[in-house]
Amino acid sequence: MSYDEWFDKHADKHKKIVYKLVANGYTKEQIIDYFEYENMAKEEIDFCPLYKDNKKCHEMEKLNCYLCGCPNFRFNDEGLGEYNEFKILSRCEINNGEKFAGKGVIHQNCSKCTVPHHKVYVKKNFDLDWKKIMSVCKVAK
């Protein structure tokens with residue numbers, strides 16, 4: 001699945017959950033709390049494929065899933081540039097994490113980064129519209 005496809009599918013799933021919560025009168029704080037891993041893995045099992053296996057994408061005690069797909073992540077399926085004949089498909093705006101290369105492309109590996117999964121970060125960057133928060137992620141050529 002391309003980054004574009006994942007981004008759009010994830011945005012739709014996120015939007016449906018947020019609309020449901022808003023319709024039920026949830027406050028900003030309640031919405032953020034709802035996206036805590038323990039609750040999401042129980043209530044929204046289709047939001048993330050890892051939920052079915054009771055796995056977290058990042059090992060941290062209080063993982064918040066609201067900003068899955070970090071606002072610091074940048075991508076372009078056509079490429080962001082090249083490095084040693086490898087096409088760079090994604091990178092981190094704050095230079096956190098690592099990169100991995102394979103099949104002629106370089107990807108950002110965010111598995112050890114917990115920045116967007118802390119409640120304080122979610123509060124600081126919160127918007128009901130996930131795509132608005134993430135609008136800087138899709139980089140045009």
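Trainee: What makes I106 the bridge partner of A101, and how do we know that β5 and β6 are paired strands?

Mentor: In this predicted model, A101 has I106 as its bridge partner in β6. Two strands count as paired if at least two bridges are found between them, and β5 (residues 98–102) and β6 (residues 105–109) are joined over five bridges in the antiparallel sense, so the pairing meets the definition.

Trainee: What makes β5 and β6 a hairpin, and which residue in the turn has a positive phi?

Mentor: Two residues lie between β5 and β6 in the hairpin, and K103 in the turn has a positive phi of about 55°.

Trainee: How do you know that β2 and β3 are paired?

Mentor: Strand β3 (residues 86–88) runs antiparallel to β2 and is joined to it by three bridges, and the criterion asks for at least two, so these strands also count as paired. Within this pair, F86 in β3 stands opposite Y83.

Trainee: Why are β2 and β5 called edge strands?

Mentor: The open sheet has four strands in the order β2-β3-β6-β5, and its pairing is mixed. β2 (81–83) and β5 each have a single partner strand, so one side of each is left without a neighbour in the sheet. From one strand to the next, the twist averages 40°.

Trainee: Why is L67 called buried?

Mentor: Buried means under 20% relative accessible area, and L67 has 0% relative accessibility, so L67 counts as buried. This residue is found in the loop between α3 (37–43) and β1 (73–75).

Trainee: Which residues does L67 touch, leaving aside those up to four places away in sequence?

Mentor: With contact taken as heavy atoms within 4.5 Å, L67 touches P116, H117, Y121, V122, N125, W130 and I133. One of these, N125, is 58 residues from L67 along the chain, while the C-alpha atoms of the two are separated by 8.8 Å.

Trainee: What is the volume of the largest pocket, and which residues are the closest to its centre?

Mentor: The volume of the largest pocket is about 960 Å³. Its lining has 42 residues, of which W6, C68, G69, F73 and C110 are the closest to the centre. The elements giving two or more residues to this lining are α1 (3–23), β1 and β6, and the largest share, five residues, comes from α1.

Trainee: How do the residues of the lining of the largest pocket divide into nonpolar, polar and charged?

Mentor: The lining of the largest pocket holds 26 nonpolar, 12 polar and four charged residues.

Terms used: Residues are numbered from 1 along each chain as its sequence is written. This is a predicted model: local features need pLDDT of at least 70, side-chain atom pairs count only at pLDDT 80 or more; totals for chains, interfaces and linings use all residues. Side-chain values use heavy atoms; hydrogens and water are left out. Buried means under 20% relative accessible area, exposed over 50%, partly exposed in between (1.4 Å probe, protein chains only). On a 1 Å grid over the protein atoms alone, a cavity is a set of points where a 1.4 Å probe fits but cannot get out, and a pocket is an open set with protein on both sides within 12 Å along at least five of seven lines; lining residues have an atom within 4 Å of a point. Grid points are joined across faces, edges and corners, and a volume is the space filled by probe spheres set on the points. Ala, Val, Leu, Ile, Met, Phe, Trp, Tyr, Cys and Pro count as nonpolar, Asp, Glu, Lys and Arg as charged, and the others, Gly among them, as polar. Axes are lines fitted to C-alpha atoms, for helices over the stretch in contact, and angles run from 0 to 180 degrees between N-to-C directions.
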